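Thanks for making time this morning.

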Amino acid sequence: MVSFTDLFLTSLLAAAGLGSVLPPRIGTTKDPKIGRLSLQQVRNPRAHKAFNGARATYRTFLKYGVPAPDYLKKAIAHIDEEQEEAYARIKRDTGSAAAIPINEVDIAYVTPVTVGTPPQTLMLDLDTGSSDLWVFSSLTPSSQIRGQEIYTPTKSSTSQLLNGHTWSIRYGDGSSSRGTVFTDNFTIGGLEVKSQAVQTAQEVSSSFTQEQSLDGLVGLGFSTLNTVRPSSQLTFFDNARPNLDEEVFTADLKYHATGTYDFGFIDSKKHNGTITYTPVQPSPGYWTHSLSGYSVGSGAFQSSQISGISDTGTTLLYLPTAIVTAYYRQVQGAQNSQYYGGYVFPCASTLPTFTFGIEGARFTIPASYINYTRISPTSTTCYGGLQSSSGLGINIFGDVALKAAFVVFSGTNPPRIGFAPK
Ligand SMILES: Cc1noc(C)c1CN(C)Cc1cc2n(n1)CCN(c1cc(N)ncn1)C2
């Protein structure tokens, strides 16, 4: 038989958050035959603070009506104080920084970062589709620099040459860069990584030279894709992860507006409703996952697993030809132009929306995102934000799709990616 006193003590300790130190709490089942009460205990889920023994002893004095000695009350305060200090010392890092479109059609987004001591500020493209952190630098030939900010390692007291290491990268559009490697302090949005591998460009292709608003890239793909040799280097996220509150970073990219990248936390003010997660295949190193299907305008949703990569460094949405033709079939005057290298249509066309599925959730890309840009400032022909992936060998969920959602890149084990409405 369980006495009233035991029940009282148990409920008192549970209420005091001490339930976690008790054997499991008591559930109740009544046995009609013998009128006995058997109680199965479960943990108090709310008991997350450390145990204060002095407080437990104090309560025992109370329980038996014995005045507690003064030293006991002081002991309770001493233990509480030390526990609070301990919690404060477990510093947990987070960061938050702007994602600024570099031109009027959101061709890419750049984020202010600092490198070195004293800090040198550069505007870099955070790119989940690659894993090299490279910058225009004092080692880049001046003929290849046109207005970009550069990192000068010799001006940083914390820079160190990574002797004998080089890198070379080529992107999907044929643009490329290569060079040498330093380590230095690197921060994004207040989140610092000491001794981050910073790849200094000794050569960049003309398309980077022409992009004066972009001083380099921060690869946020998996570190397996890093091109530094003889030993590959870790991405900023992989270096920061052990100190982050949560092993995540989020992308809140916006149409013709500045959004944010957050590291180490999920800002509930940036999304509405639930985040739908889906598994990520981390090999060979992209954020590879599947869509659960699509629909065009108000058409019926077509369920089908569409594997691809969520890539913040790619401007447009590239999907299988069958889906893309189904979309542009709804657009009067649309055609797949070899001359312009993709689907184009009269700029005055009324475009349908495009909806993609993540598991059971649905995300609709507004027509305006797909009316991407005029072929030229005076042209009446426009280029689509949705294009065929047939030449790429992979489907790419680029910025046109990602800016329609709040996206959580979760470096947990196993990795996963989450999409939420916003
Ligand atoms: C193109 C383009 N994309 O963004 C910008 C800026 C441009 C303009 N262009 C003149 C310059 C340029 C080319 C690239 N970039 N910048 C950024 C990285 N690129 C990627 C990343 C990635 N994950 N996948 C494919 N390419 C290619």
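I will take the ligand site, then the disulfide, then some local backbone features.

Please keep in mind that this is a predicted model, in which local features need pLDDT of at least 70 and side-chain atom pairs count only at pLDDT 80 or more, while totals for chains, interfaces and linings use all residues. Residues are numbered from 1 along each chain as its sequence is written, and side-chain values use heavy atoms, with hydrogens and water left out.

Which residues come nearest to the ligand? Of the 19 residues around it, they are Asp-127, Asp-173, Glu-211, Asp-311 and Thr-314, where near means that a heavy atom of the residue lies within 4 Å. By class, this shell has seven nonpolar, seven polar and five charged residues; here Ala, Val, Leu, Ile, Met, Phe, Trp, Tyr, Cys and Pro count as nonpolar, Asp, Glu, Lys and Arg as charged, and the others, Gly among them, as polar. Strand β5 (120–127) and helix α4 (206–210) each supply at least two residues of the shell, with helices (H or I, at least four residues) and strands (E, at least two) taken as DSSP runs numbered from the N terminus.

Turning to individual atoms, a side-chain N or O atom of Asp-127 is 2.9 Å from a nitrogen atom of the ligand. For Asp-311, a polar side-chain atom lies 3.0 Å from a ligand nitrogen, and for Thr-314 the distance from a side-chain N or O atom to a ligand nitrogen is 3.0 Å. The protein covers 85% of the 530 Å² of accessible area that the ligand has on its own, by the Shrake-Rupley method with a 1.4 Å probe.

Now the disulfide, defined as a pair of cysteine sulfur atoms within 2.5 Å; by this rule the count comes to one. Cys-347 and Cys-382 form it, with their sulfur atoms 2.1 Å apart, and because the torsion about the S-S bond is about 105 degrees, the disulfide is right-handed. Cys-347 lies in the loop between β18 (342–346) and β19 (354–358) and Cys-382 in strand β22 (residues 381–384), so the pair ties together parts that are 35 residues apart in sequence.

Finally, the backbone. Most residues other than glycine have a negative phi, and most peptide bonds are trans. Asp-106, in the loop between β3 (95–101) and β4 (109–115), has a positive phi of about 55 degrees although it is not a glycine. A cis peptide bond joins Arg-229 and Pro-230, with omega about 10 degrees, and Pro-230 is placed in the loop between β10 (216–219) and α5 (236–240). Another cis bond joins Ser-283 and Pro-284, again with omega about 10 degrees, and Pro-284 lies in the loop between β13 (276–279) and β14 (288–296).

Notes: A polar contact is a pair of N or O atoms within 3.5 Å; within protein, one must be able to donate a hydrogen and the other to accept it, and residues adjacent in sequence count only if both atoms are side-chain atoms.
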